[in-house]
Amino acid sequence: MLSTILEKIKNATTGSDEKLIGRQIDQDPVIEGLVNDLIDEVMVKNQQIQTIQKPNSKFINSAKEKMDRTGVLRGRPLYHSYIGTGAGRGPYVELEDGSVKLDLINGIGIHIMGHSNPRVMKAAVRGSLSDIIMQGNLQPNNEYLKLTEKLVQIAGRKSKLKHAWFATCGTMANESALKIARQKNSPAKMIFAMKNAFAGRSTMMAELTDNAAYKQGLPDYNEVLRIPNHDKKDPQSTEKALRAMKEYYSKHEKDVSVFCFEPMLGEGGFQPVPRDFYLPLIDFCKQNKIAVWADEVQTFARTGEFFAFETMDLGEYVDIVTIAKTVQLGATLYTEEYNPKPGLIAGTFSGSGSSMSAGLEILDMLEEGYLGPNGRILAIHKKFIDGLNHLNQTTCKNLLQDAGGMGLMIAFTPFDGKKDQVELFIKKLFKNGIIAFSCGKEPVRIRFLVPAIIQDMDIHLALDIIEKTVLEGLS
Ligand SMILES: Cc1ncc(COP(=O)(O)O)c(C=O)c1O
């Protein structure tokens, strides 16, 4: 064994003076072949996963024991009876009880290329062959450069965004965004944010989030001015929002630093908003030198273009944009004007080499037929929404209302949209084979973050299960 390694070292060293060792690792056909063989072998196992399966009695007890133990250890039970085995195929995932589920929420939107995607896995393994696990702001490797370059390139096509700074999650990307906006517009501190917004879990992002349940017992810092949302039933809603903004501004003149909005509210209910709603608000902010920040943590890569600001043609106005989830880490993008002073944003971790490598691969894959008006994302949206509307008008008799959203973000209101009903519906969907989640308040809605690799036959299966679950009722 040792002699083989020594022999290889000798071969690698011969003539290596022209190539960095890092490049030798990157370009070595033997390493490439081993990575391919490794993932191909794993995929042979994953290919056994075909479609939804019920739990297997052989594994039910051990799975329950693991889930109970996890719940005790973290002090709160799991939301779904879900511990993954580490195996999956496309939109399907194997759980510890032997069941296979159709995963339409994907860890709240992380696995846009589905489970065990061989290209994503290969990229992740390549990223993990680095000398380090986590890359840092002080210690970037090549994946850091490549992903930053890609993000700046795709963001810069339709906006003035020029820079990208990594964070480990959406919340931290948002923290950077807020600090950048406040520093530039210092000493202004107040924030315009939408009603029902969700911005993450740090102290400040909980303040920005408009959900009392997510900040019970936390102090209120009174730094957020809440703008009412677009309401498709109210033709006056744009005027009302602008009026609210102006009224707040007259009380807090020179003290508003930033307007933060999700192009479509995620947690807030997946109700698309027309461009014309945002334009007067943005225009007012621009006139008053208030930063325009689009929180695209949930919308990024899902609306049929990379950015929802492209889909909604708002790119020329954004000063700061935050993303996370699909790209496997967080990032804050900003214009030259908003480039912060040294020291404001940093942090030990930027992300793992394997996250960066996999994130880059996912972005490349998305450019292969998923984006654009004729891309797969919009085709998936249409198929799903048409199917849901058809069910609502036929067998489901208005118990599956208001199907909509943008691209891979799809929601509908089951029954009357009451919280308890929707919670029960989610549990029943899970039992019948679909992993889903909720969003919105009054009504509460069923939320899907559909993986881009879903096939038409999987959508048909999803619709059959939704129909069956509605017809089972809520008893
Ligand atoms: C719009 C929006 N902003 C911020 C976040 C927070 O991101 P993370 O959970 O990665 O911290 C989320 C997460 O769901 C989100 O949807």
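This is a predicted model: local features need pLDDT of at least 70, side-chain atom pairs count only at pLDDT 80 or more; totals for chains, interfaces and linings use all residues.
1. Strand 6 (residues 190-194) and strand 8 (residues 256-261) run parallel and are joined by 4 bridges.

2. A second open sheet has 4 strands, ordered 13-14-17-16, with antiparallel pairing. Its edges are strand 13 (400-406) and strand 16 (437-439), and each of these pairs on one side only. From one strand to the next, the twist averages 35°.

3. Inside that sheet, strand 14 (residues 409-414) pairs with strand 17 (residues 445-449) in the antiparallel sense, over 4 bridges. Phe-412 has Ile-446 of strand 17 as its bridge partner. Helix 14 (residues 376-393) packs on the sheet and touches strand 13 and strand 14. The direction of helix 14 makes about 170° with that of strand 13.

4. On domains: the protein chain is divided into domain 1 (125-366) and domain 2 (376-472). Their C-alpha centres lie 28 Å apart. At the contact, 14 residues of domain 1 meet 14 residues of domain 2. The domain 1 side that touches domain 2 has 8 polar, 4 nonpolar and 2 charged residues.

5. There is also a hairpin. Strand 1 (residues 84-89) and strand 2 (residues 92-95) pair in the antiparallel sense over 3 bridges. Gly-84 has Leu-95 in strand 2 as its bridge partner. The hairpin has 2 residues between the strands, and Gly-90 takes a positive phi near 60°.

6. Which residues come nearest the ligand? Of the 16 residues around the ligand, they are Cys-169, Gly-170, Thr-171, Gly-200 and Val-297. Helix 8 (residues 170-184) gives the largest share of the shell, 3 residues. By class, the shell has 6 nonpolar, 6 polar and 4 charged residues.

7. Leu-344 deserves a separate point. Leu-344 lies in the loop between strand 11 (330-335) and strand 12 (351-352). Why is Leu-344 classed as partly exposed? Because Leu-344 has 14 other C-beta atoms within 10 Å, and the class covers counts between the exposed limit of 12 or fewer and the buried limit of 20 or more. Leaving aside neighbours within four places in sequence, Leu-344 is in contact with Lys-179, Ile-180 and Gln-183. Thr-51 is another matter: the C-alpha atoms of Leu-344 and Thr-51 are separated by 49 Å, and the two residues are 293 apart along the chain.

Methods
Residues are numbered from 1 along each chain as its sequence is written. Two strands pair if DSSP finds at least two bridges between them. Domain bounds come from an automatic or database domain assignment. Two residues are in contact if their C-beta atoms, placed from the backbone, lie within 7 Å. Ala, Val, Leu, Ile, Met, Phe, Trp, Tyr, Cys and Pro count as nonpolar, Asp, Glu, Lys and Arg as charged, and the others, Gly among them, as polar. A residue is near a molecule or strand if its C-beta atom, placed from the backbone, lies within 6 Å of it. Axes are lines fitted to C-alpha atoms, for helices over the stretch in contact, and angles run from 0 to 180 degrees between N-to-C directions.
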